[in-house]
Structure formats: C-alpha cells, structure tokens
Amino acid sequence: LGVFESWSESGSAREMAEMRRPSVPFRFQRQSIPVTKFHGGESVLLMNVGSYGYWRESLFTVHGRSVPVLAIACYMAYASVVTAGSLLLSPLLVTGTHDATAVEHILAGEDEQYFQIHEWIIELLGTVLFFMLVFRTQLSYDRWWEGRTIWGMITYTTRDVSRQAVNYVKSPEHVARICRWAIAFPAAMKAHLRFERELPELADVLLPAELMALLASDHLVIYANEQLGHAVASARDAGHLSDYLLVMMDQNLQKLSATLGKCERILTTKMPFPYIVHLRTFLILWLLMLPFTMIKFFGWYALVGDLMIFYLFVSFEFISVQIEQPFGKEFNDLPLDKYVTGVIKPNILAMLARSTGGAASAVVSDIGTSPVQPSPVQQKLPLVFAAQAKRAKAPGQTKGIFAMKSRFNYYASGV
C-alpha cells in the first residue's frame with residue numbers, strides 16, 4: 001500500500017484526476033494493459049486454423065515466444081567474463097602463466113580451487129529449482145485456463161438468457177431489450193478487464209441513450225448486469241413473463257455476477273509474493289553459479305551451454321508472467337474480441353432476428369457490423385488458410401479444404 005501511495009503521489013495533477021474517473025474501481029487503476037500491435041489471443045486463433053498438430057505454426061513462429069533478449073544479453077556478458085577469467089586468469093594465478101598447458105590443468109580439474117564450483121551442487125539445486133519452476137508455470141496455466149472457462153460460462157449464460165427471452169417473453173420490445181443488454185454484458189466485461197472505457201462493439205446494439213448511460217456508469221459490468229435484470233423484471237411487470245420464468249432467468253443473472261467476481265479475482269490477485277521472491281532469488285543465484293561448473297567440462301564451449309540452460313529456465317518464468325493474467329492484449333492472452341464480436345454478439349442477434357421474422361434491424365440498427373478492426377497478425381490468418389488450401393488440392397481432399405475453410409471462418413470472423 002505504501003508503494004502504491006508513493007507511486008500515486010508522484011503523478012501529475014492531471015494524471016491523478018484521470019485515475020479518479022469512474023471507469024473502474026480505484027484500486028485497479030495502477031494496473032495497465034500494455035499497448036501492442038495485437039488485440040489479444042492471436043496464438044489461440046492461429047492454432048485453431050493451423051495444420052494438424054500445428055507443428056509448423058509453433059516451430060517457425062516469431063510472435064508468442066518468450067525471448068528475454070535483454071536478460072540473455074546481460075547473462076551472456078556475465079558468463080563470458082566468468083569463462084574468460086577461469087580459463088585465463090586462474091592459470092596465471094596458479095602457475096604464473098596462461099599457456100595452453102596451464103589451461104589444460106584447469107580443465108582437468110588439477111587446479112580447480114580457483115573459479116570453479118563442484119557440479120553436484122548445481123545438479124542438486126537445479127533439480128529443486130526445476131520443480132519449483134514447473135509448479136509456478138502450472139499455477140499460471142491454471143489461471144489462464146480458468147479465465148477461458150469463465151468466458152465459456154459467460155458465452156453460455158448470455159446465450160441462454162437470450163434464448164429464454166426469445167422463447168418465453170411475449171413482447172418483441174422486451175425481448176429486444178433483454179438481448180441488447182445480454183450482448184452489452186460481455187462487451188462491458190472485456191473493457192473492464194482491460195481497463196478501457198471504449199465500447200465500439202455496442203455502437204450498433206444499444207440505443208444511444210443506453211450507451212451513454214452505460215459509459216457514464218461507475219462500473220460498466222455491474223451496470224450492464226443491473227440493466228439486464230431491469231429488462232427481465234419489466235417484462236414480468238408488464239405481464240409478459242411468469243414469476244417462475246423470472247426465477248429461472250434470474251439464476252442466469254446470478255451466474256453472470258459470479259463470473260465478474262471470478263475474473264476480478266484473477267485480475268487483481270497474483271501468486272503469493274514470498275513464493276515469487278524466493279523462486280527468483282534462487283533462480284538468479286543458481287544461474288550465477290552455473291558458468292563456474294560448465295567450464296570444467298566444456299571449456300570455451302560452456303558459453304553455448306550457459307545460453308541454452310539460461311533460456312530454458314528463464315523462459316519458464318517469463319511464460320508464467322505472460323499467461324497469469326489472460327485478459328490483456330498480448331499474443332498469448334485470450335481472444336476476448338473474438339468471443340464478444342465473433343461469437344456472442346452474432347449468435348444473440350441471429351436469435352433476435354429469427355424471433356422478429358428477420359426484422360431485428362428495426363430494433364437494433366445496422367445488425368452484423370462491427371467497428372473492431374483485426375490486428376496485423378489476425379490479418380495474416382487468411383494467408384495461413386490459403387497456403388493450406390493450396391497444398392490440399394490433391395484429388396479426394398476437396399472435403400478437407402471446405403472443412404478447413406469452415407473452421408477458419410468460424411474462428412477468425414468478427415475479430
């Protein structure tokens with residue numbers, strides 16, 4: 001809390017005023033989503049439209065890899081100094097010279113009292129460290145997968161509320177109102193989890209007054225769920241919905257409220273701080289000792305081994321950091337834009353259009369259009385499909401081509 005207060009006090013008056021806008025709760029304001037060229041979730045979409053097993057996409061991709069370039073450069077500089085010092089300076093201290101014979105003595109272990117650490121220490125500590133990193137990565141993946149599960153529940157619940165409205169509410173106006181706010185809820189959730197206020201997905205869904213009221217609210221998601229409840233209750237008050245069906249629909253609204261709490265728990269609660277501190281301290285100390293052991297077995301070639309081991313261990317930690325918060329706009333995050341504009345919105349609008357005999361545009365203008373533009377990586381997804389379809393033109397594979405095209409249209413549309 002003290003760090004947060006000092007950080008807040010260091011900002012300008014304008015920044016503080018901006019932070020106190022009623023966009024999201026103030027306790028969330030320090031966090032931010034980095035501005036990238038991605039929309040989030042491109043890795044998920046790429047695997048969905050990739051070749052069988054997506055080996056080619058995963059082996060030759062540039063994006064999505066955890067490559068800490070600066071950390072690698074710093075460590076290689078350190079390992080080079082250690083290796084050079086052990087192979088050149090140690091013979092000079094022991095024998096008074098640094099000729100080839102003296103270096104051979106060092107490599108043979110005859111003069112290992114200088115700049116060397118016994119390998120059994122590295123082996124023992126490395127085994128413990130590896131299991132700690134695996135545990136850390138598994139916990140981060142559990143958070144990523146829980147986020148995906150929660151958004152699956154949001155998709156299911158909003159579609160089910162809309163289905164109940166279409167099937168059981170007798171007033172087209174009330175049906176349209178319920179469906180509008182059923183679409184607004186996941187859009188508001190996406191903006192809330194990314195600390196945004198823009199809702200371009202709802203420009204052609206909500207009425208202008210509804211959209212303005214939503215944007216002016218203190219909490220986008222709570223307001224959207226509240227209005228969805230008001231829409232259901234107004235249908236009951238007007239006599240278009242029975243009390244029993246009201247209870248059934250309210251259960252879905254309770255599920256939506258629960259998804260908000262679950263998402264905020266993932267968003268605001270990281271792994272326990274002492275565990276992270278201990279793991280990273282242990283990792284750094286182990287990596288600092290590693291070059292002193294490697295030179296005994298590989299000499300100058302130890303630099304290659306140092307690089308490979310450093311990348312293996314440190315990448316686990318960087319991957320954990322990337323996926324422990326899955327709601328952002330990074331390449332390996334969840335494709336929230338696709339869930340909202342490519343799945344939930346068109347599904348509900350299609351139900352609404354069928355319920356009104358194809359006249360849903362009378363209630364919601366410009367149905368089916370979306371102002372969300374694909375990211376540069378998402379724009380390349382059609383090229384992936386085109387290359388696969390070109391290779392699949394052999395006789396007897398026409399069915400596979402159309403199946404591939406269908407999968408691409410499903411996963412990449414509306415993103």
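Helices (H or I, at least four residues) and strands (E, at least two) are taken here as DSSP runs, numbered from the N terminus. The structure is a predicted model, in which local features need a pLDDT of at least 70 and side-chain atom pairs count only at pLDDT 80 or more, whereas totals for chains, interfaces and linings use all residues. Residues are numbered from 1 along each chain as its sequence is written, and side-chain values use heavy atoms, with hydrogens and water left out.

In the loop between α8 and α9 (208-215) lies Phe 195, whose phi is near 60°, a positive value in a residue other than glycine. Most residues other than glycine have a negative phi.

The largest pocket was examined next. A pocket is defined on a 1 Å grid over the protein atoms alone as an open set of points where a 1.4 Å probe fits, with protein on both sides within 12 Å along at least five of seven lines, and a lining residue has an atom within 4 Å of a point. Grid points are joined across faces, edges and corners, and a volume is the space filled by probe spheres set on the points. The largest pocket has a volume of about 680 Å³, and of the 22 residues that line it, Ser 43, Met 47, Gly 64, Arg 65 and Asn 332 are the closest to its centre. Two or more lining residues are given by each of the elements α3 (42-49), α4 (55-59), α7 (119-168) and α13 (302-323), and the largest share, five residues, comes from α13. When Ala, Val, Leu, Ile, Met, Phe, Trp, Tyr, Cys and Pro count as nonpolar, Asp, Glu, Lys and Arg as charged, and the others, Gly among them, as polar, the lining divides into ten nonpolar, ten polar and two charged residues.

Helix α7 also takes part in a helix contact. Two packed helices are described by the angle between their axes and the distance between the axes. Axes are lines fitted to C-alpha atoms, for helices over the stretch in contact, and angles run from 0 to 180 degrees between N-to-C directions. The axes of α7 and helix α12 (residues 273-298) come within 9 Å and cross at roughly 145°. The crossing of α7 with α12 is left-handed, a term used if the near helix is turned anticlockwise from the far one by less than a right angle, with right-handed used if it is turned clockwise. The residues of this contact comprise 16 nonpolar, three polar and four charged.

Individual residues were then considered by accessibility, where buried means under 20% relative accessible area, exposed over 50%, and partly exposed in between (1.4 Å probe, protein chains only). Cys 179, placed in helix α8 (residues 172-193), is buried at a relative accessible area of 1%, and its C-alpha lies 8.5 Å from that of Leu 228, 49 residues away in sequence. Cys 263 is likewise buried, at 0%. With a disulfide defined as a pair of cysteine sulfur atoms within 2.5 Å, the count comes to zero disulfides.

Lys 345, in helix α14 (residues 336-355), counts as buried at 3% relative accessibility, and its C-alpha is 5.7 Å from that of Ile 183, although 162 residues separate Lys 345 and Ile 183 in sequence. Leu 334, in the loop between α13 and α14, is buried with a relative accessible area of 0%. By contrast, Ala 77 in helix α5 (residues 69-95) is partly exposed, at 43% relative accessibility.
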